[in-house]
Amino acid sequence: MSQTFGNLKDLSRLMGGAVQERWEDELGRMTRNILDPNTEPRRARKITMVLTIKPTESRDGGEMSFDVKESFAPPTPVKQSVFFDQTDDGTIYATQKLNQVAGQLDMAGNVQPEAVSMPIGTTEDEPQDEQGTMPQIVSFRAKERSL
C-alpha cells in the first residue's frame with residue numbers, strides 16, 4: 001500500500017509556505033554574514049533543514065515539524081595594541097598604539113586621529129592581603145629619575 005502526501009517538491013506549499021519562508025530568511029542571513037567584513041571570509045557557512053515526522057501509534061497521522069539550523073562565521077576578534085601608564089596619584093591609563101603620529105597624513109590623505117587614552121583603574125583597586133593592605137608596588141622609573 002503506497003500513500004503519498006501529494007507533491008512535496010514545492011516548498012512554498014509545505015506548512016502553509018513557512019518552510020520556504022524560513023529557507024529564504026536563512027539564506028538572506030547567510031548572504032549578509034558572507035558580506036560582513038567583520039567575519040572570516042574563507043570560513044564555510046552552512047544551512048541545515050530538518051523535517052521531522054513523528055507518527056502516531058496507529059500510524060494514521062503524526063506531528064510534522066520543520067527546523068533550520070545555521071552555522072555561520074562568528075565576528076572576528078577586534079585587536080588593538082595599548083600602552084599602560086600610571087600617574088603619580090595612582091590612576092592607571094590605557095592608551096591605544098597608533099601606526100603613525102597623530103596629525104600625520106596617511107597614504108589616502110586622511111589625518112591620523114589622536115590616540116585614545118582612558119583611565120582603567122587606580123592602584124586602590126589592587127587586591128589586598130590578609131591585613132587589608134595593598135602590596136607594595138615599586139616604580140623603578142621613579143628611582144631612575146631621582147638618580
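Analyst: Two residues are in contact if they have heavy atoms within 4.5 Å of each other. By that rule Glu 40 touches Arg 45, Ala 73, Pro 74 and Thr 76, leaving aside residues up to four places away in sequence. The model is predicted, with local features needing pLDDT of at least 70 and side-chain atom pairs pLDDT 80 or more, while totals for chains, interfaces and linings use all residues. Residues are numbered from 1 along each chain as its sequence is written, and side-chain values use heavy atoms, with hydrogens and water left out.

User: Where is Glu 40 found, and how far is Glu 40 from Ala 73?

Analyst: Glu 40 sits in the loop between α1 and β1. Ala 73 is 33 residues away in sequence, yet the two C-alpha atoms are 6.3 Å apart in space.

User: Why is Glu 40 called partly exposed?

Analyst: A residue is buried under 20% relative accessible area, exposed over 50% and partly exposed in between (1.4 Å probe, protein chains only). Glu 40 has 35%, so the residue is partly exposed. Across the protein, 14% of the 147 residues count as buried.

User: Which residues of α1 are buried, and what puts them on the same side?

Analyst: Val 19, Glu 26, Met 30 and Asn 33 are buried in α1. They cover an arc of only 60 degrees around the axis, so they lie on the same side of α1; the arc is taken from the directions from the helix axis to the C-beta atoms. On the other side, Arg 32 and Leu 35 are exposed. The buried residues of α1 pack against β1 (46–55) and β2.

User: What makes a group of residues a nonpolar core, and which residues form the largest one here?

Analyst: The members must be buried Ala, Val, Leu, Ile, Met, Phe, Trp, Tyr or Cys, joined through side-chain atoms within 4.5 Å. The largest such set has seven residues: Leu 14, Val 19, Met 30, Ile 47, Phe 66, Val 68 and Phe 72. Two or more of these come from each of α1 (18–35) and β2 (62–71). Beyond four places in sequence, Val 68 touches Arg 22, Glu 26, Ile 47 and Thr 48.

User: How many bridges join β1 and β2?

Analyst: Ten bridges join β1 and β2 in the antiparallel sense; two strands pair if DSSP finds at least two bridges between them, so β1 and β2 qualify. Thr 52 has Ser 65 in β2 as its bridge partner. The hairpin has six residues between the strands, and Arg 59 there takes a positive phi near 65 degrees, although Arg 59 is not a glycine.

User: Is Arg 59 buried or exposed?

Analyst: Arg 59 has a relative accessible area of 75%, so the residue is exposed. Met 15, in the segment before α1, also has a positive phi, near 55 degrees. Its relative accessibility is 31%, so Met 15 counts as partly exposed.

User: Which residue in the turn between β3 and β4 has a positive phi, and how do these strands pair?

Analyst: The hairpin of β3 and β4 has four residues between the strands, and Gly 90 in the turn has a positive phi of about 95 degrees. β3 (residues 82–86) and β4 (residues 91–96) pair in the antiparallel sense over five bridges, with Phe 84 opposite Ala 94. β4 also pairs with β5 (residues 117–122), antiparallel over five bridges. There the bridge partner of Tyr 93 is Pro 119.

User: Why does Lys 97 count as partly exposed, and which residues does Lys 97 touch?

Analyst: Lys 97 is at 38% relative accessibility, so the residue counts as partly exposed. This residue lies in the loop between β4 and β5. Lys 97 touches Gln 80, Ser 81, Val 82 and Phe 83, not counting residues up to four places away in sequence. The C-alpha atoms of Lys 97 and Phe 83 are separated by 6.6 Å, with the two residues 14 apart along the chain.
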